[in-house]
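Please look at the sequence and the 3D structure shown below before reading on.

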Amino acid sequence: MTVTVEEGARGTRTAGGRPAPAPPRGTRTSYALFLLPGALAFLAVVIVPFLMNTGVSLTDWQGVGAPRWTGLANYRRLLEDGEFWASFRHSLFMVVAMAAVPTLAGLVLAAALFDFVGKHFGDRLAAFLRACFYLPQVLPIAVAGIVWSWILAPEGGSLNALLEAVGLSSWQQDWLGDPDIALYSVMGVMVWVQLGFPLVIFMAGLQRVDPQLYEAAELDGAGWWRRFRHVTLPQIRPEIAVVLTWCTIAALKVFGAVYVLTKGGPGGATDVPSYFSFTTFFEKTQVGYGAAISTVLTVIILVLALAGLRLQTRAEDAEEGGRA
Amino acid sequence: MTTALRRYPVLIALCLAALFMVVPFLVVAVNAVKSPAEYSRHGPLSLPRGLYLDGLKDFWQRVDFGRKLVNSVLISGSVAVLAAVLSVLNAYAVGIGRIRGRTWVLAFFVLANVLPQEALVYPVYYLSKQVGLYDTRLSVIIVFTVIQAAFGTYLLSSVLGRFPREIIEAARIDGANAWQVLWRIVVPVSRPTLGVLLVFFFIWTWNEFLLPLVMLISNDNQTVSVALGVLQGQRLMDATMTNAAALLGVLPAIVFFLVFQRTLTRGIAVGAVK
């Protein structure tokens with residue numbers, strides 16, 4: 001059953017640019033009618049709220065009464081707000097933890113599981129290990145947060161208990177409560193959460209690589225590293241582009257983990273734009289200012305998404321060019 | 001022999017890494033069945049000396065966990081079905097109908113899909129209060145139906161774009177209208193892809209946090225994720241309770257994972273490389 005889907009998904013990339021003959025004119029309009037419910041729903045749930053949010057970002061509004069037009073005042077305030085800059089600086093750390101590290105580790109793990117474990121110890125073991133790495137991905141982020149905030153608790157937490165058991169008591173920390181460490185602890189949790197996603201995508205990508213390429217490389221005496229570098233990497237460039245884009249966007253959107261693990265603390269040490277806008281909206285009820293924060297976040301994400309789409313198309317073109 | 005000697009260290013390293021990924025689940029399971037006394041005496045790393053289920057029972061009753069499960073199932077299930085229907089309708093127009101401006105329509109759905117919910121959350125909160133939908137499960141169902149359908153439309157459009165046109169044309173010649181072609185031919189043939197979408201939508205909605213947190217404030221309407229996240233945020237739980245919460249939160253995810261493992265891992269590849 002799933003095979004059909006995979007076939008289909010694979011076909012697009014080659015067939016994407018070639019338009020099938022269009023249906024005659026009259027039927028086109030009748031097809032457009034099928035878009036109507038979707039269009040209305042999107043208007044109500046996405047477009048109108050988004051425009052409202054952008055509009056509100058140009059006002060001073062507490063959520064009740066009439067918003068007072070202030071032009072770009074909120075954005076000027078953002079530029080001078082240390083909390084805002086700090087939250088975006090922490091976003092960069094999240095990009096490292098959720099995009100850079102998982103992509104690199106995912107590449108090595110995928111190649112190791114596919115090219116090494118699969119070959120020498122069987123596909124079942126490779127699939128089982130892959131499942132272990134993927135498990136955290138299906139966990140609700142709120143639950144992952146509960147699990148880890150308990151493991152990382154300063155007293156009675158498993159990590160500190162473990163350190164004590166192996167005689168490393170001096171390494172014990174208040175992992176989420178120490179402003180110098182909290183951000184790194186959250187990063188560690190996010191690596192754990194995110195790792196399975198690139199791994200699964202890369203392993204799926206490797207399955208469509210022609211095995212003859214590996215055999216040829218092996219015959220030429222290429223070791224594991226050279227096969228990885230010259231066969232694996234170039235072959236799954238489209239997947240790498242996709243994973244980097246998606247993970248970077250996910251990193252910029254991080255909310256649940258911060259809410260559950262640290263609430264942005266201690267002292268704002270783990271604040272991120274998403275959490276910052278949430279508290280500005282609902283705790284400080286400075287709706288105009290919160291809207292400005294989320295608008296900036298949106299612009300950054302949309303630019304990244306467009307750049308990512310281009311990167312992906314280029315990688316696919318390059319790959320097809322290389323194959324032809 | 002030499003190769004075998006070199007092989008096993010790598011395998012062992014990989015297994016250790018995999019174990020590290022799973023250990024948090026095991027630690028939670030082990031500690032959720034310890035009594036508070038045992039926990040405070042032996043700490044989190046000891047194996048349980050017996051099965052103590054009162055912690056789980058207490059927690060279940062205190063947060064009315066059954067109710068939260070029902071809410072989560074109801075919301076995620078409705079969203080999965082409704083979003084799949086909406087995706088099919090959209091993708092039918094784009095992928096098979098090839099309506100004019102379809103590239104723009106698709107680009108719009110892609111962008112809607114990456115849009116951060118922070119940019120929608122306040123207006124959605126405000127508008128739902130105006131129309132009386134605030135703090136109802138229906139509001140969350142409506143919002144996520146649309147958000148998930150953005151991804152579904154995007155994926156299905158490319159799948160339907162390669163639908164064999166001969167079949168459709170043959171049906172049209174036999175006098176079937178566009179509506180009949182959709183339900184009698186396109187939907188049945190696309191069942192595998194729709195299955196993947198249903199699973200994705202269900203799990204994604206189950207795991208959602210920000211919007212349900214804002215929209216569902218009364219205890220009776222909260223989902224599992226929101227209830228657990230809020231409890232954790234209040235910092236009122238002792239160790240046994242935290243572990244009970246974590247275990248009860250983890251269990252449904254494990255069940256989904258086991259049931260949908262194949263669909264999920266393969267399906268994810270579908271979603272990523274269009």
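A residue counts as buried if 20 or more other C-beta atoms lie within 10 Å of its own, as exposed if 12 or fewer do, and as partly exposed in between. With that cut-off in hand, and keeping in mind that this is a predicted model, we can turn to helix α10 of chain A, which is mostly covered, since 11 of its 12 residues are buried. Among the buried residues of α10(A) are A:Phe197, A:Pro198, A:Ile201 and A:Met203. The helix runs over residues 196-207 of chain A and reaches 17 Å from its first C-alpha to its last, which is close to the 16 Å expected at 1.5 Å a residue.

A residue of another helix gives a contrasting case. A:Ala131 lies in helix α6 of chain A, which covers residues 123-138. A:Ala131 is partly exposed because 19 other C-beta atoms lie within 10 Å, while a residue needs 20 or more to be buried. The C-alpha atoms of A:Ala131 and A:Val56, which are 75 residues apart along the chain, are separated by 45 Å.

**Confidence in chain A**

The mean pLDDT of chain A is 83, and 89% of its residues reach 70 or more. Among the elements of chain A, helix α9 (residues 182-194) has the highest mean pLDDT, 93, whereas helix α1 (residues 2-15) has the lowest, 36. Over residues 1-20 of chain A, pLDDT stays under 50, and for this stretch the model has 28 contacts beyond four places in sequence. Where pLDDT is low, the predicted coordinates should not be read in detail.

**Annotated spans**

According to UniProt, in an unreviewed entry, the feature "transmembrane region" is placed at residues 31-52, 92-116, 128-151, 181-204, 240-261 and 287-309 of chain A. For chain B, the UniProt annotation of that name, also from an unreviewed entry, covers residues 69-92, 104-126, 138-160, 181-206 and 241-260.

| Span | Helix | Strand | Distance between end C-alpha atoms |
|---|---|---|---|
| Residues 92-116 of chain A | 100% helix | 0% strand | 33 Å |
| Residues 240-261 of chain A | 91% helix | 0% strand | 29 Å |
| Residues 104-126 of chain B | 87% helix | 0% strand | 29 Å |
| Residues 241-260 of chain B | 100% helix | 0% strand | 29 Å |

Chain B is divided into domain 1, covering residues 2-42, and domain 2, covering residues 68-272. The C-alpha centres of domain 1 and domain 2 of chain B lie 34 Å apart, and eight residues of domain 1 are in contact with eight residues of domain 2. On the side of domain 1 of chain B that touches domain 2 of chain B, α1 (2-32) and α2 (36-42) of chain B each supply at least two residues, and the largest share, five residues, comes from α1(B). By class, that side of domain 1 of chain B has six nonpolar, one polar and one charged residues.

Key
Residues numbered from 1 in each chain as written. Chains lettered and ligands numbered in written order. Predicted model: local features only at pLDDT ≥ 70, side-chain atom pairs only at ≥ 80, totals over all residues. Helix = DSSP H or I, 4+ residues; strand = E, 2+ residues; numbered from the N terminus. UniProt positions renumbered as here; feature names shortened; annotations may be inferred. Domains from an automatic or database assignment. Contact = placed C-beta atoms within 7 Å. Nonpolar A, V, L, I, M, F, W, Y, C, P; charged D, E, K, R; others polar. Expected span 1.5 Å × (residues − 1). pLDDT = per-residue confidence, 0-100.
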